[in-house]
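Good morning, everyone, and thank you for letting me take a few minutes of the meeting. Please have a look at the structure on the screen, and then I will walk you through some of its contacts.

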Amino acid sequence: MRTFVATRVAMMISAVGVVLHGCASAPPETDDAAARAAAMMKSSFKAHGQATLARLDQDETQRLCSEYAGRPLPAPIVERIQKANLATIRYPGDNNLVGDWKAGEKIAQSGQGFQYSDDPKGPAGANCYACHQLSPKELSYGTIGPSLYRFGKLRGYTDETRRYAWQKIYNAEAFAACSSMPRFGYHGILTEQQIRDVVALLVDPASPVNQ
Amino acid sequence: MRKTMQSVAAAGAVAIVAATGAPALGQSTSDEIAKYREALQDGNPAELWEARGEAMWKTPRGPAKVSFERCDLGLGPGVVKGAYAQLPRYFPDAKRVMDLETRLVWCMVNQQGMTEAAARKTVFGNGSEKRSDLEALAAYVASQSQGVAMNVPIDEPHVHDMYRLGEKMFYYRGGTHDFACATCHGDDGRRIRLQDLPNLTKTEGAQKAYTTWPAYRVSQGELRTFQWRLNDCFRQQRFPELEYGSDASIALTAYLAGRANGAAYDGPAIKR
Amino acid sequence: MNTNRRHALKAGGALSLATLVAAAGWARPSEAAPADAWNKSAFETHSLDETMKALGGNAPLPSNDIAFLSTPDIAENGAVVPVGIASKIPQTEAIAILIEKNPNMLAAVFDIPPGTDPALSTRIKMAQTSNVYALVKAGGRYFVTSKEIKVTLGGCGG
Amino acid sequence: MADPMKIRANLVGDSTEVKVLMSHEMETGQRKDAQGNVIPAWFIQKVTVLHGDKIVLSAQWGPAVSKNPFVSFRFKGGAKGDKVKITWVDSRNDTRTDEATIA
């Protein structure tokens, strides 16, 4: 039964999306403020180390999520974003999705990586604790995302759970359009092995997350 | 509405977890953090910057040997009382909307005869070897608005335009992590690690946040200004570097300061 | 009037801090050092025993008459941890703050002359979650109490 | 040159409450700069508080006292208008003295 929790949550998100957006379509943009703001940003930021001005260029998901921020996201847009992002997810050649939860815990604790103040040679962290509760031993966790305490235990230690964890970390926009969660695989923030390790943190029965 | 959608999803997940007895944030944790913050209020090293800034304000400076007592922050030359509460604003002499720090640089260049480079030499200080005059001046000027209601002239056309562009920036997603300001500051009751995140899209959140900058950051042992706050947010957003006094920095400041209108200015504060 | 004099001690100004500190009670340096010297050895210790030895005292007795005031159990940042200590022990002469897991254990020693409340607040750095000791010297004897203060990671940087 | 301290001395009942902020790096000697060189220790070692010519508090500090130190305490015998004088000496033998009037 628990194996379907993840799917159910995903379905619920879509369902809610449909209900919310069925009745309200976005008012059209009345002027060029968005374009002017983007141009202003280009002239107000300067490249610094690895953080070049190209980082201000938006992909379609970023553009749509910015455009509809603070307004209802129409169902077709939700579908478009999720479908496009689902298609980006790659799986390891050996299909081994689960690594070492101890390495995963370190990645979950670290907020380093990709800031202009960071060493571009890495490694980057995922900073999971900034937004999520995971191991109950860590008191300092954020609440931007839901608690992931007992992620594996609740959902069952199944292939579906492992696959869902991989997908969600790889590209969260595939399940929740305009999610606040970075697309760790899609953007290459984490390596394949690092994603495995974070998956292990979530789904390994021995992980502190599942105690 | 999008927010509502996400909240529903999050609420669902929380409900599932709650049913299995996961430890919620211990009340004791938040109580103790509140106690920590309370204890810090007893003595705020920001006062050391304010004192230095006040002395600097009154001292003739630069090649022209002119003090800031000729610098017009919007309420007349040399007037600091309440000036910070009405910034950013449009300055016809500069033909530009300016925040406090941009205006200070303008006065250094146009009245004190400093070069732009000299005026901006150290915008953010680092220890006793690299102190920032601008941080000290900003601390002093801001302290002179304590208790004054924020009243940024957002209906003035130039400021209004910057406010609107700032709002767009606030929601602009980009970079390697897809972050926008709104990612962390667009919902109620969220924390990053143990730090409460003000919802800057709501009046109350914007007021609470904006009226406490500049602030002494205990994690850095430095007094930090609003320009610094924005600069460092974008660093953590994985964006390129926001230039000090740039139009984008002023637009975003105009948006956030404008949203804080009506609240009494309550800084410089002391923060983690 | 404010003064800012380099080498005040050598110059021997009207107000000699050296004399003042020497006159105050506790932080007694080792035999060889001049009486006004900062007690270097006491600030280079790694255990309560070592610190007590460097301070010239013996093992402190646990006491319920020492309280931590306005001292949170959790610090949002280790660079600034507010610590308040109050002693109800009669004839309190000095209060010291020790942090078990810091690179050096002793953080501060305050001499409390008669007429000064045996209570004070200050702020210390903690390298990590640790026990913090409040050590009191009273009537020539030593007393101690302790509490754990958790140091948390914070902010976007994790 | 060290900045002035910020001293507050207020009569509360029959006690004078003193709160002082000092401007000092309080460098631990444990940190490294960007090049990996150890930043040498530099911190206030001794503090003395005088009411008139009577010592009301004296302290010895190590580098674990926070940057820009803060101390608060109370003593008896002070009256409005009296002076409270505070002196610190650091590990470079720099010193600074400031005073405040009891209010």
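Predicted model: local features only at pLDDT ≥ 70, side-chain atom pairs only at ≥ 80, totals over all residues.

**Rings, domains and chains**

A search of the whole structure finds 20 aromatic pairs over all chains, where rings of Phe, Tyr and Trp (for Trp, its six-membered ring) pair if their centres lie within 6.5 Å, and where planes under 30 degrees apart count as stacked, over 60 as edge-to-face and the rest as tilted. One of these is the stacked pair of Trp57(B) and Phe68(B), with 5.0 Å from centre to centre and 15° between the planes. Trp57(B) belongs to helix H3 (residues 46–57) of chain B, while Phe68(B) sits in the loop between H3 and strand E1 (89–91) of chain B, so the pair ties together parts that are 11 residues apart in sequence.

Residues are numbered from 1 along each chain as its sequence is written, chains are lettered from A and ligands numbered from 1 in the order in which they are written, and side-chain values use heavy atoms, with hydrogens and water left out.

Let me turn to chain A, which is divided into domain 1 (2–86) and domain 2 (101–210), the bounds coming from an automatic or database domain assignment. How many residues of each domain are in contact? In chain A, 19 residues of domain 1 are in contact with 23 residues of domain 2, contact meaning heavy atoms within 4.5 Å. The area buried between these two domains of chain A is about 1800 Å², and carbon and sulfur atoms give 58% of that; buried area is the accessible area (1.4 Å probe) that two parts lose on being put together, summed over both.

Across this interface in chain A, between domain 1 and domain 2, the rule finds 1 salt bridge, that is, a side-chain nitrogen of Lys or Arg within 4 Å of a carboxyl oxygen of Asp or Glu. Asp59(A) and Arg183(A) form a salt bridge through their side chains, at 3.0 Å from N to O. On the side of domain 1 of chain A that touches domain 2, helix H1 (5–22), helix H3 (60–67) and helix H4 (75–86) each supply at least two residues, and H4(A) gives the most, with 5 residues. By class, that side of domain 1 of chain A has 9 nonpolar, 7 polar and 3 charged residues, where Ala, Val, Leu, Ile, Met, Phe, Trp, Tyr, Cys and Pro count as nonpolar, Asp, Glu, Lys and Arg as charged, and the others, Gly among them, as polar.

Chain B is also assigned two parts, domain 1 (2–41) and domain 2 (46–271), and their centres, taken over C-alpha atoms, are 31 Å apart. Here 10 residues of domain 1 of chain B are in contact with 11 residues of domain 2 of chain B, and the area buried between them is about 800 Å², with 49% from carbon and sulfur atoms. The rule finds 1 salt bridge across this interface in chain B, and the side chains of Asp196(B) and Arg37(B) meet in a salt bridge at 3.1 Å, N to O. Helix H1 (2–19) and helix H2 (27–40) of chain B each give two or more residues to the side of domain 1 that touches domain 2, and the largest share, 5 residues, comes from H2(B).

Finally, we come to the contact of chain D with chain B, which takes 14 residues from chain D and 15 residues from chain B. The area buried between chain D and chain B is about 1100 Å², of which carbon and sulfur atoms give 48%. Across this interface of chain D and chain B the rule finds 5 salt bridges, and Glu222(B) forms a salt bridge with Lys67(D), with the closest N and O atoms 3.4 Å apart. On the side of chain D that touches chain B, strand E1 (6–12), strand E2 (15–21) and strand E5 (70–76) of chain D each give two or more residues, and the residues of that side divide into 5 nonpolar, 3 polar and 6 charged.

Definitions and conventions: Helix = DSSP H or I, 4+ residues; strand = E, 2+ residues; numbered from the N terminus.
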